[in-house]
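These are my notebook entries on one protein chain. I record here what I looked up, entry by entry.

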Amino acid sequence: MGCAGCRGDYAAPGGAGHGGSVAPDTGCPQCELDVFVRNNYFTGKMMGAGEFQTETRYHGDKQRHHNLRLHGAGVVCGLKVRQHESPDCRSRFLVVEPGSALDCCGHEILVTAPEIVELGHDRELLRVAGDGRLHTLALCLAYRECPTDEVPLLYDECGCDDTQCAPNRILESFSSHLQLDPPLPDAQLMAAAARGAISASNRHAATGFVAAVEGGRVALVDPADASRVLLLDPQRRALKLAGLQAPARAIAASANGKWVFVAQAPEGGASTGRLRVFRGDDLTEVTPATGNAANWNVPDAPATAAITLAAGNDRLYAYNGASGKLHVWAGDATRGIADGSAPVAHLLAAGLSELRVEPGNGAAVALGPVTAGQRQIRRYALPATPGAGAITPTVLPATGTASALASGTVGNPAKTLLAAASADDRRAYLIDPAAGSVAAQVDFDHPPIAIGLLPAADGSTWLHALLDAGGVLYAQAALLRRDSANLQVDVAAARLAGNGPNLAVVLADDGRAAHVHAAALAEGDCADHLWKQLEACPGCSEPDCLHLATIANYKPGMPLLDLPAAVDDLAQGRARIDNRSGRRLLASTATLQSWLQCLQLKGGVPGPAGPGGPAGPTGPGIERVIVNWLPAGSPGTASYDGTTRELTLGIPGGEDGLDGFGIDAVTASFIDPPAAGSATLVDQPAPSRNKKLVLVIPKGANGTNGVDGFGIDAVSVSFVDPPATGSATLVDQPLPNRNKRLVLVIPKGANGIDGKDGVGLEKDLVQLREISWRHNQPTARLDEIDLRGNRMPALWLRFTAPVFIADHGSQFLSPQVLRVFIPETRMQRHPTRIDQMRGLMEDRFGRLCECPLSGIVVPAQLAGPGLLKTVPTSYSDLWAFVPSQAALKLLIDAASLRVELHGDFVIDEQCRAVDVEYARAELPSGDRPRGSEYGIQGGVFTSWTWMGRDLPELGGHPDGKRIDLNTGNVSDLVGVPGISAKLAAAIVRDRSQNGPYADVDDLHRRLKVCEVLFDAMRGALTA
């Protein structure tokens, strides 16, 4: 078993070796289980490596067997994939949260800390970096066993080299890798609302594209059985079935998503087929209003006739290939279509196929016969009122031997679009019916057999295609976007859908798809799932891919963001991380218990309505009605005599009403503005009931000279103590002055209460101030220390105040607080060419390990240039690491060395640890902003260097030239190491405003460039 993604010791959380983003091993892990064998212990038994291996294998296989056979495989909890915290890193990295899972071999995968997965070096992504296609990524997790903690072999029967080592432990770890354009997931794992489906079958012709109905469901004819209609709800993982008395010949969904129409072959001895109408939400059947099934027959449609259904905005169209007629049913709000024993039909032509109705019922398009190697595409303009006359078609541009059609819209405002797919050409032609021309084309990876168009929320449209590669089916999509003049096409890579020929693909938003196998749709009791265990034990199909997340519509370099998606993601070049699509969850017993309790509290899932009961006997009718008029004000009565079947009603009479009166008089008076007018109806009481309408009408102002407008003439402000509320009032004086005064009442601000100091930050902590080597650069020589009369090379660190190192290792030559590491090479000398070749063959350089040098750490002080001396105290602001005699040669010969200081054990005189964490590649260190007096105790400081006497000049232009600060433009400066586009623009702007630079150091002084970046750029600049 391989160890991709592991390193030679226990990987630190978040480390690159603890499951880094490397490709998995080419070898497949052995998932098979053998008979269990355990040790038989007895006194005097010889115990060797084989016995212990048997013991380990026994317990490991038993646990795998338990996991695999009793639980299965999937994500148990956690392992959420999210975007990187830094926006600058989101195009290269993903973050996997901690969690647990079981792979299909029964291995337990445990992620204890957030893992960073890098995409930038993935070989598959690099291979498709320039192809311009949209790709789908699947992030996978795989179990890995990694030998670690190498120790010397005490006895090696295969060699005599006493430096041989073997791993002391096996780390059960993991690796993560990407699958590029993986096979489509199961529909139950798509976790998205359906927008449509495409199916293929060698058993019936009710295939191709069908749009979804309301609620994110899609209805289609079972590819393996034409007598069953399926209603799939992938978002809720639900399935309903409806049986037919005869095989289906075509299926369509209404434009409003409320109805499913099925054209059924003739039943028994019938001479014609009929339409079946089902509700889109639950697949219950709807019958004609009159109860006469013949009202929904397709006229002259024997069993041999090809039937095509198409639904417009408010009509249903059924094309009879035998008669060449297009029958039209009007829509009905309660039954889907209106009754009609002989619906009016348009006469098209016989033998057409793939008939589609354009949005709005304006036209129908169909494929005609093949002529001279080209198949006609005919467009029929449908009249508003159906008639029996023939319609002359318009022949659209030739598109090879087209075999599939799709009609839809694209753009905002929407424009009608027609797609014609040709299996011979392996492409789809996108036709503008209004212009009668081909606007664009889409090239597929395999011959297309069915296509469909799905509009998106932003006005774009997805073209989906089902491809046939010699019996193996693929799904491929393309995004279509229209600007004012052109049709833009982004093609996605093809993905395996499954082995044909009977298969359905469910389609969702953003070009996503999932497959549905006919075998998975078999009817039967749910108890049958239990008896499947009788057939075989679960196997392992993909041991190296435990699916965590799916990233659709990805191009290398796109930022990877969390959901929810935005309608302009593709236009803005963004990809989204979908943690649900394709992820297989493995519910724990606690989750299952919670699930069952929820169902119990909610009373379970309601079942379908049961069959109706038998019709009751005819009730007795009313033979006679007798009406008696009663005096006004008395209560009414009603009685029924069952013997004579007479209904007697007593109805009170009404009182005499008063005659109605209109308006008897109108008076009007006129007043000067700005007084308001009024209208009053004065009603005299009975018996006169005279009504008088009194109008008060303001006079009109002089319209010749308008009154000048007036602004605010004065503002007055007063302040009130809280908690009183403020106000703003506009005081407007009447004409002719029209003075306006704004009166503001403003609450005074309350004094804030001083906040408490934050926990963890402390004031005036000791920091690291200086080191004796050159960080990340070659060091010419080491300073020396006078140690008991002998001068020894040493590395030293200086702090901002005297400190005490709790463990300086002086007794055992093994310091822990301040450690110096060098690479392990197995050969304690510079390797020759022969050594290198032998090392490559023996895999000696396949990994790099570091070994700490033995030595002591002592307090010291500077005694002169390059010279230290020890001090007789336990507190000092300077501490030196002095290697032992045995380690000195290793230090000098080492290709590099790394210094590591554990600040938690470096204590000042107040027993506080120094602040050494996060050096930011420059000193002084500390996890505080530069100049801040607050910090955090402890942390780990790491630095590295290598020994070399010929020090190269720092920095340098990649082309070996120097760029003049006072003449170089932005593009010249961006090519200098350490100069970003933002800094280059700032340099050009600064010299134009403040004059040329006196020298290179003047740049450092004027723009305050940090030391690390300035060191990188200094050698490539001049002024």
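**Entry 1: helix α1.** I began with helix α1, residues 49-70, in what is a predicted model. I found 22 residues in α1, with 31 Å from its first C-alpha to its last. At 1.5 Å a residue, 32 Å is expected, and the span of α1 is close to that. I then asked which residues of α1 are buried. They are Y58, D61, R64, N67 and L68. I looked for what covers these buried residues, and the cover includes β4 (99-102) and β5. After α1 I noted G72, which has a positive phi, near 95°.

**Entry 2: the whole protein.** I next turned to the overall picture. The protein has 10 helices and 65 strands. Of its 1023 residues, 38% are buried. I also looked up contacts between residues at least 6 apart in sequence; 57% of these join residues at least 24 apart.

**Entry 3: nonpolar cores.** I recalled a general point before this search: in soluble globular proteins, nonpolar side chains tend to be buried together. Here, the largest nonpolar core has 34 residues. Those with the most contacts inside this core are L79, V81, L94, L119, L141, Y554 and L560. I listed the elements that give two or more residues to the core, and they include β3 (93-96), β7 (135-152), β8 (165-180) and β38 (546-554). The largest share, 5 residues, comes from β38.

Which residues does L119 contact, leaving aside its neighbours within four places in sequence? I found R92, F93, L94, L125, L137, L178, Y554 and L560. Apart from this core I noted another, of 30 residues, with A187, V218, L232 and I251 among them.

**Entry 4: S884.** I located S884 in the loop between β59 (876-883) and α6 (885-893). Is S884 buried or exposed? Its relative accessibility is 11%, so S884 counts as buried, given that the cut-off for buried is under 20%. Not counting residues up to four places away in sequence, S884 touches L813, S854 and G855. I also compared S884 with I856: they are 28 residues apart in sequence, and their C-alpha atoms are 7.5 Å apart in space.

**Entry 5: helix α8.** I checked the length of helix α8, residues 981-994. Its 14 residues should span 20 Å at 1.5 Å a residue, and its end C-alpha atoms are 20 Å apart, which agrees. The buried residues of α8 are L983, A984, A986, I987, D990 and R991. Because these cover an arc of only 160° around the axis, they lie on the same side of α8. On the face turned away from the buried side I found the exposed residues K982, S992 and Q993. Just after α8, G995 takes a positive phi of about 95°.

**Entry 6: α8 and α9.** My last search concerned a pair of helices. Two packed helices are described by the angle between their axes and the distance between the axes. At what angle do the axes of α8 and helix α9 (residues 1000-1007) cross? They cross at roughly 95° and come within 12 Å. I therefore recorded α8 and α9 as roughly perpendicular to each other. Where they meet, α8 supplies L983, A986, I987, D990, R991 and N994, while α9 supplies L1003, R1006 and L1007.

Terms used. Residues are numbered from 1 along each chain as its sequence is written. This is a predicted model: local features need pLDDT of at least 70, side-chain atom pairs count only at pLDDT 80 or more; totals for chains, interfaces and linings use all residues. Side-chain values use heavy atoms; hydrogens and water are left out. Helices (H or I, at least four residues) and strands (E, at least two) are DSSP runs, numbered from the N terminus. The expected span of a helix is 1.5 Å times one less than its number of residues. Buried means under 20% relative accessible area, exposed over 50%, partly exposed in between (1.4 Å probe, protein chains only). The arc is that of the directions from the helix axis to the C-beta atoms. A nonpolar core is a set of buried Ala, Val, Leu, Ile, Met, Phe, Trp, Tyr and Cys residues joined through side-chain atoms within 4.5 Å. Contact means heavy atoms within 4.5 Å. Axes are lines fitted to C-alpha atoms, for helices over the stretch in contact, and angles run from 0 to 180 degrees between N-to-C directions. Angles under 35 degrees count as roughly parallel, over 145 as roughly antiparallel, 65 to 115 as roughly perpendicular and the rest as oblique.
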